[in-house]
Amino acid sequence: MDVSASVGPGPGAPPEEVRIAPTWFAFGAEVRELEGREPSPALPRDGTRLAGAIRRAAARYPERDLWVFTDGRGTDGDAEAAARAVA
């Protein structure tokens, strides 16, 4: 879940109806792993590390579906290439 400045106040945990893996990732200027439905901490919000979040989640959960919630453009490289690499 994107916590960059363009998203507004940091998001909380995903809605109850969304089944999530034991670990999920909040990303903005950094990428942080969160456990279960732990609320997202205050993260620096001056970028969208979209490619990094995709790579880190894919490494942690190979061969699993990844859901990415963002309204922004990645600022840390080629998010599309990162997504293709793990697809």
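## Val31 and strand S2

Val31 is a residue of strand S2. The model described here is predicted. Val31 has a relative accessible area of 13%, and because the cut-off for buried is under 20%, this residue counts as buried.

Which residues touch Val31, if those up to four places away in sequence are not counted? They are Phe25, Ala26, Arg49, Gly52, Ala53 and Arg56. Val31 and Met1 are 30 residues apart in sequence, while their C-alpha atoms are 9.7 Å apart in space.

## The protein in outline

The protein contains 2 helices and 2 strands. Read from the N terminus, their order is β-β-α-α. The strands are S1, residues 23–27, and S2, residues 31–35. The helices are H1, residues 50–60, and H2, residues 79–86.

The protein has 87 residues, and 34% of them count as buried. It exposes about 5,400 Å², of which carbon and sulfur atoms supply 52%. Taking contacts between residues at least 6 apart in sequence, 47% join residues that are at least 24 apart.

## Helix H1 and its cover

Which residues of H1 are buried? They are Leu50, Ala51, Gly52, Ala53, Ile54, Ala57 and Ala58. In an α-helix there are 3.6 residues a turn, so residues three or four places apart point the same way. The cover over the buried residues of H1 includes strand S1, strand S2 and helix H2.

## The nonpolar cores

How many residues make up the largest nonpolar core? There are 12: Ala21, Phe25, Phe27, Val31, Leu50, Ala51, Ala53, Ile54, Ala57, Tyr61, Ala79 and Ala82. S1, H1 and H2 are the elements that each give two or more residues to this core. H1 supplies the largest share, 5 residues. Apart from this core lies another, of 6 residues, including Val3, Trp24, Ala26 and Leu43.

Tyr61, a member of the largest core, touches Ala21, Pro22, Thr23 and Phe25 when residues up to four places away in sequence are not counted. Two of the residues named there, Ala21 and Phe25, are also listed in the largest core.

## The loop between S2 and H1

Thr48 lies in the loop between strand S2 and helix H1. Is Thr48 buried or exposed? Its relative accessibility is 4%, so Thr48 counts as buried. Leaving aside neighbours within four places in sequence, Thr48 is in contact with Asp2, Ser4, Phe27, Gly28, Thr70, Arg73, Gly74, Thr75 and Asp76.

Pro41 is found in the loop between S2 and H1. At 26% relative accessibility, Pro41 counts as partly exposed. Its contacts, with neighbours within four places in sequence left aside, are Arg32 and Leu34. Pro41 and Val3 are 38 residues apart in sequence, and the distance between their C-alpha atoms is 9.6 Å.

## The loop between H1 and H2

Glu63 is in the loop between H1 and H2. Its phi is near 65°, which is a positive value in a residue other than glycine. With a relative accessibility of 88%, Glu63 counts as exposed.

Arg64 is found in the loop between H1 and H2. Arg64 has a relative accessible area of 48% and is partly exposed, because the cut-off for exposed is over 50%. Along the chain, Arg64 and Val86 are 22 residues apart, and 9.6 Å separates their C-alpha atoms.

## The largest pocket

Rolling a probe the size of a water molecule over the atoms shows where empty space is left. The largest pocket in this model has a volume of about 530 Å³. Its lining has 20 residues, and those nearest its centre are Ala21, Trp24, Asp65, Leu66 and Trp67.

The elements that give two or more residues to this lining are S1 and H1. Which element gives the most to the lining of the largest pocket? It is S1, with 4 residues. By type, the lining residues divide into 16 nonpolar, 1 polar and 3 charged.

How values were computed:
Residues numbered from 1 in each chain as written. Predicted model: local features only at pLDDT ≥ 70, side-chain atom pairs only at ≥ 80, totals over all residues. Heavy atoms only, no water. Buried < 20%, exposed > 50% of the residue type's maximum accessible area, 1.4 Å probe, protein only. Contact = heavy atoms within 4.5 Å. Core = buried A, V, L, I, M, F, W, Y, C linked by side-chain atoms within 4.5 Å. Areas by Shrake-Rupley, 256 points an atom, 1.4 Å probe, with all protein chains shown as cover. 1 Å grid on protein atoms, 1.4 Å probe; cavity = no way out; pocket = protein on both sides within 12 Å on 5 of 7 lines; lining within 4 Å. Points joined across faces, edges and corners; volume = space filled by probe spheres on them. Nonpolar A, V, L, I, M, F, W, Y, C, P; charged D, E, K, R; others polar.
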